[in-house]
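The structure is shown first, and the description follows.

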Amino acid sequence: MNNLPGIKISGSVKIFCYLTAYLLIASVVVAQTPDVEHEGQRLAKQYCVACHVFPEPDVLTKKSWRFALTYMGIFMGIRDKSLMEDAEPWAKDSINLREEFLDTAKLIPRQPLLRPEQWKVLQDWYLENAPEIALPQQTKPEIIEDTELFIERENRYNIAPALTTMVYIDEQKDLTLVHDGIRSTLSVLDNEGNYIETHPSRGVSLVDAISADREFYLLNIGDLFASNIGVGTGDLQRVRVVGDLFISLDVMIEDLQRPAGFDLQDIDMDGNVDAVIANFGDYTGSLRVYWGIEGENFNQEPQYLNYEPGGIRATVHDFNGDGLPDIAALMSHALESLSIYINQGDRKFKRKFIFKAPSSFGYTGMVLRDFDADGQVDILTINGDNGDSDPYNTLKHSHGIRIYNNLGDLEFEEAYFYPFYGGFGAEVEDFDLDGDLDIAAIAFHPDFSKRDKPENFVLLKQDAPFSFLPTTHPATYFGRLMTMDSGDLDDDGDKDIIIGAGYAPIGMRGEHDDLYEQWVEKGPSLIYLINQTIP
């Protein structure tokens, strides 16, 4: 397999990676405290930056900090749950479950890393400086309903309740792949949304796909809910396709640790396709390269580019124009960041951080496209995971869609930001065929208090370089949206959208139980939005 014609990277996919750590273990021991007034801040900076960007108190509310600090304390060997005394029973259960996971992962130190009085000072500093209610989003244009560009089309895919871990449109094969994580079933649909076949696959939860000629490469996260700490149950599969039928399946790479995204390219330029895989992990993860070998296979001993948890996306592109493919990697979980691994030749790479962000960002997706048509690929990121260590779905003003303009020489600057609570996936296409790129995005953790018209979906129409007008569609108001892909379903030359729902109670417990029950009972499994630009 010297090349893969027709490769298409799948649409935005975000996985249920909820049982993740907000703060990891730091090994620094505090000595003396020269300034009592700022002692809590100093302690926080000393310990938090060992694993990620320092979090300011205003990123969470006081209520959410009580949960996060309790969880952080366990990582530091402090099993003090006094801040959770008045918490809801389900929140207490969540803390206890996470403690069990940390015990299983052997990540709790035998001795506390802070003395009780130091820990109290640190807690007090956060709680005294945190807001009672979440900080508001920055001002943005009013979102407008648009029912002309897209119309909703009925489909026969109906699974209740759905947990759609993957939607993938293959324009060449005229097929759509849909995977449900609760039932572990892969459904193959035609372009009208009718069933062709269904494949039960116990223990498999597909989260990403790449189409290649008469094959599909499918990424299986394995342990969807992170219930088997430290066990690599994920894999990369290849299925052969004849017409619209799947005829054989081979497991190409095993022992993956909850992988979330991958790419297939000839990175070392030896004529064989290589695989780069972002492992989200549970409390440990990694970015790995599996080098291709002759015979359409991969070396099973990977090269590790990092051992960090939270791998979301890995995409291959020659960023510096030297003819050698580089790797862009988006990491979530603890050290939220985007890095470019610069190809030095001979399978050697040099890491360059493009940006780092606080753990509250919750990165969920990345797309590489040239938004200003200057010949250089720009980077879009979307962040909005609210399940890591905040069960209350605290609205975070930092959540949203950002475009980083490529200035050349591996330098990027933020050129656009659209505040978007709970953003979970984005598709970039020229949806209205006016000659520039637009952005379609979904939210899994929106502001649930806006019950009639939650901002579950936004279409950002570009009207000038890095300038967009936000619109939405009323078909997306009812339901919890989790995955999405775009493609030309009706072969008319414009791009359509399929959105997959995922009904899980995370972030909705307590205040929004009734809304969640309505969505579980009556919410759609898939939403088809058919583009009307070309009649």
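## Aromatic cluster and basis of the model

Phe-54, Trp-65, Trp-125 and Tyr-126 form one aromatic cluster, where rings of Phe, Tyr and Trp (its six-membered ring) pair if their centres lie within 6.5 Å. The model is predicted, so that local features need pLDDT of at least 70 and side-chain atom pairs count only at pLDDT 80 or more, while totals for chains, interfaces and linings use all residues. Residues are numbered from 1 along each chain as its sequence is written, and side-chain values use heavy atoms, with hydrogens and water left out.

## Packing of H2 and H4

The axes of helix H2 (residues 62-75) and helix H4 (residues 116-129), which are lines fitted to C-alpha atoms over the stretch in contact, come within 9 Å and cross at roughly 155°. H2 and H4 are therefore roughly antiparallel (an angle over 145 degrees). The contact (heavy atoms within 4.5 Å) includes Trp-65 and Leu-69 of H2 and Trp-119 and Tyr-126 of H4.

## Two aromatic pairs

A search of the whole structure finds 23 aromatic pairs. In one of them, the ring centres of Trp-291 and Phe-349 are 6.5 Å apart and the planes are at 15°, so the pair is stacked (planes under 30 degrees apart). Trp-291 is buried (under 20% relative accessible area) at 6%, and Phe-349 is also buried, at 18%.

The rings of Phe-478 and Trp-519 have centres 6.4 Å apart and planes at 85°, so this pair is edge-to-face (over 60 degrees). Phe-478 lies in the loop between strands S28 (467-472) and S29 (481-487), and Trp-519 in helix H5 (residues 513-522), so the pair ties together parts 41 residues apart in sequence.

Conventions:
Axes are lines fitted to C-alpha atoms, for helices over the stretch in contact, and angles run from 0 to 180 degrees between N-to-C directions. Helices (H or I, at least four residues) and strands (E, at least two) are DSSP runs, numbered from the N terminus. Angles under 35 degrees count as roughly parallel, over 145 as roughly antiparallel, 65 to 115 as roughly perpendicular and the rest as oblique. Buried means under 20% relative accessible area, exposed over 50%, partly exposed in between (1.4 Å probe, protein chains only).
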